[in-house]
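Subject: Structure handover

Hello,

The structure we talked about is below, with the sequence. My notes on what was found follow it.

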Amino acid sequence: MNIKESKPYNALVFRVETTLPELSNHVAHVAKSLYREAVRLDLMVTGAIHWNYYGIDGQPDTKFLLEIALPIQEKEVVSSEFEWRRIAGFKCVSAVLEGPWEQLPKIYETLIRQLHAQGLHMTDECREMYINMDFETPENNITEVQVGVR
């Protein structure tokens with residue numbers, strides 16, 4: 001577990017209110033659309049896809065805000081499909097998962113247990129950075145999980 005301050009970044013963003021069971025509705029096709037729009041607008045992509053969660057509490061029926069964000073260099077981009085946003089940095093604990101996304105709940109449990117043991121308190125914000133996505137061989141996935149702390 002690392003404690004760090006994530007850096008702010010510009011992004012092309014898809015936003016939706018959703019629940020945990022509905023997350024699979026947004027896998028892959030939203031990222032493809034974000035990349036397609038970045039190419040169409042001739043934008044400089046500067047990082048991996050981020051899934052930013054606001055108001056998430058781990059309960060299946062709780063509605064929360066999901067932002068799927070593609071980091072870009074440009075500022076104040078106008079897109080017919082997505083929003084441009086400046087995503088703020090935040091203090092977080094983080095860990096890297098190498099392998100299938102089915103292991104994500106275990107990573108969250110470990111991070112939450114460790115942050116409580118260190119006397120830290122969670123915020124309502126979490127992020128996942130999809131450094132490598134391999135839909136054919138999930139063992140090749142590399143995902144950084146960040147849990148906001150104060």
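In β7, Y53 has C126 as its bridge partner. Strand β7 (residues 122-132) and β3 run antiparallel and are joined by six bridges. Helices and strands here are DSSP runs, numbered from the N terminus, with helices (H or I) of at least four residues and strands (E) of at least two. This is a predicted model, in which local features need pLDDT of at least 70, side-chain atom pairs count only at pLDDT 80 or more, and totals for chains, interfaces and linings use all residues. Residues are numbered from 1 along each chain as its sequence is written, and side-chain values use heavy atoms, with hydrogens and water left out.

Sheet and helices

β3 and β7 belong to an open sheet of eight strands, in the order β1-β6-β8-β7-β3-β4-β2-β5, with antiparallel pairing. Two strands count as paired if DSSP finds at least two bridges between them. At the edges stand β1 and β5 (83-87), each with a single partner strand, so one side of each has no neighbour in the sheet. From one strand to the next, the twist averages 35°. Angles run from 0 to 180 degrees between N-to-C directions, and axes are lines fitted to C-alpha atoms, for helices over the stretch in contact.

α1 lies across β2, β3 and β4 (64-72) and runs at about 145° to β2. Helix α2 (residues 104-117) also packs on the sheet, where α2 touches β3, β6 (91-98), β7 and β8. The direction of α2 makes about 35° with that of β8. Contact means heavy atoms within 4.5 Å.

Salt bridges

How many salt bridges does a search of the whole structure find? The search finds six, where a salt bridge is a side-chain nitrogen of Lys or Arg within 4 Å of a carboxyl oxygen of Asp or Glu. Burial is given below as relative accessible area: buried is under 20%, exposed is over 50%, and partly exposed is in between (1.4 Å probe, protein chains only).

- E144 and K4 meet through their side chains at 2.6 Å, N to O. This pair links distant parts of the chain, with E144 in strand β8 (residues 142-149) and K4 in strand β1 (residues 2-5), 140 residues apart. E144 is buried at 9%, whereas K4 is partly exposed at 31%.
- E37 and R40 form a salt bridge with the closest N and O atoms 2.9 Å apart. Both residues lie in helix α1, three residues apart, or about one turn of the helix. E37 is buried at 3%, but R40 is exposed at 53%.
- E125 and R127 meet in a salt bridge of 2.7 Å, N to O. E125 is buried at 13%, and R127 is buried at 2%.
- R15, E67, E83 and R85 are linked in a network of salt bridges.

Loops and surface

D42 is exposed, with a relative accessible area of 67%. For context, most residues other than glycine have a negative phi.

G47 is placed in the loop between α1 and β3 (49-54) and counts as partly exposed at 27%. Leaving out residues up to four places away in sequence, G47 touches Y35, L70 and P71. G47 and I131 are 84 residues apart in sequence, yet 8.3 Å apart in space, C-alpha to C-alpha.

V27, M133 and F135 make a nonpolar surface patch of about 240 Å². Patches are made of residues with over 30% relative accessible area and no salt bridge, joining like charges within 9 Å and nonpolar side chains (Val, Leu, Ile, Met, Phe, Trp, Tyr) within 5 Å. Accessible areas come from the Shrake-Rupley method with a 1.4 Å probe, and for residues only the protein chains shown count as cover. V27 lies in the loop between β2 (9-18) and α1 (29-40), and V27 is partly exposed at 33%.

Regards
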